[in-house]
Each structure stands twice: as C-alpha cells, then as structure tokens.
Amino acid sequence: MQATAYTYDPETRSGSVLLDDGTPVEFGAEAFEAGGLRLLRPGQRVRIETAGEGPSARITLVTLQTF
C-alpha cells in the first residue's frame, strides 16, 4: 500500500503517514526500522505494510516508494 509521510520524530523514530484518502495512521519505531530507513521527510511517498484490519490495523513496515 502507498501513503505520504506526514510526521516523523527522529528521536523516537516514529511518526505518521497519510493514506491516499487522507486518513492519518501512526507508525512506531519497529515499523520504521524494519524498512531500513535513516530519515523520513514529510511529503515523501512511502510504501507501507500493515497487519490486522479496521481500527486494530497497525503499520509493520515503512519504506520509500520506488518505481
């Protein structure tokens, strides 16, 4: 799934993304580190993977979108 980076805190290595419908979804340090990233800037296009569905869904991976 694709999203747009919305917030990122380099101290906690967590932040949030905006889904294409505008819904903000938070991610933790585990998801950020799983993607192997060192930095994330608001507005960057990212690829995310999730576990679960509905309100209990959580992001398990955040990485840069490549073509």
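Serine 16 is in contact (heavy atoms within 4.5 Å) with Ala5, Tyr6, Thr7, Val25, Glu26 and Phe27, leaving aside its neighbours within four places in sequence. The model is a predicted one, in which local features need pLDDT of at least 70, side-chain atom pairs count only at pLDDT 80 or more, and totals for chains, interfaces and linings use all residues. Residues are numbered from 1 along each chain as its sequence is written, and side-chain values use heavy atoms, with hydrogens and water left out.

Serine 16 lies in strand β2; strands (E, at least two residues) and helices (H or I, at least four) are DSSP runs numbered from the N terminus. With a relative accessibility of 7%, serine 16 is buried (under 20% relative accessible area; exposed is over 50%, partly exposed in between; 1.4 Å probe, protein chains only). Its side chain makes a polar contact of 2.7 Å with that of threonine 7. A polar contact is a pair of N or O atoms within 3.5 Å; within protein, one must be able to donate a hydrogen and the other to accept it, and residues adjacent in sequence count only if both atoms are side-chain atoms.

Strand β1 takes part in two antiparallel pairings, listed below; two strands pair if DSSP finds at least two bridges between them.

| Pairing | Bridges | Residues opposite |
|---|---|---|
| β1 (residues 2–9) with β2 (residues 14–19) | 6 bridges | Alanine 5 and valine 17 |
| β1 (residues 2–9) with β4 (residues 45–51) | 3 bridges | Glutamine 2 and arginine 47 |

The hairpin of β1 and β2 has 4 residues between the strands, and arginine 13 there takes a positive phi near 60 degrees.

Beyond four places in sequence, isoleucine 48 is in contact with Met1, Ala3, Val17, Leu19, Ile59, Leu61 and Val62.

There are 2 aromatic pairs in the structure. In one, phenylalanine 27 and phenylalanine 32 are stacked, 6.4 Å centre to centre with 15 degrees between the planes. Rings of Phe, Tyr and Trp (its six-membered ring) pair if their centres lie within 6.5 Å; planes under 30 degrees apart count as stacked, over 60 as edge-to-face and the rest as tilted. Phenylalanine 27 is buried at 4% relative accessible area, and phenylalanine 32 is buried at 0% relative accessibility. Ring pairs join Tyr8, Phe27 and Phe32 into a cluster.
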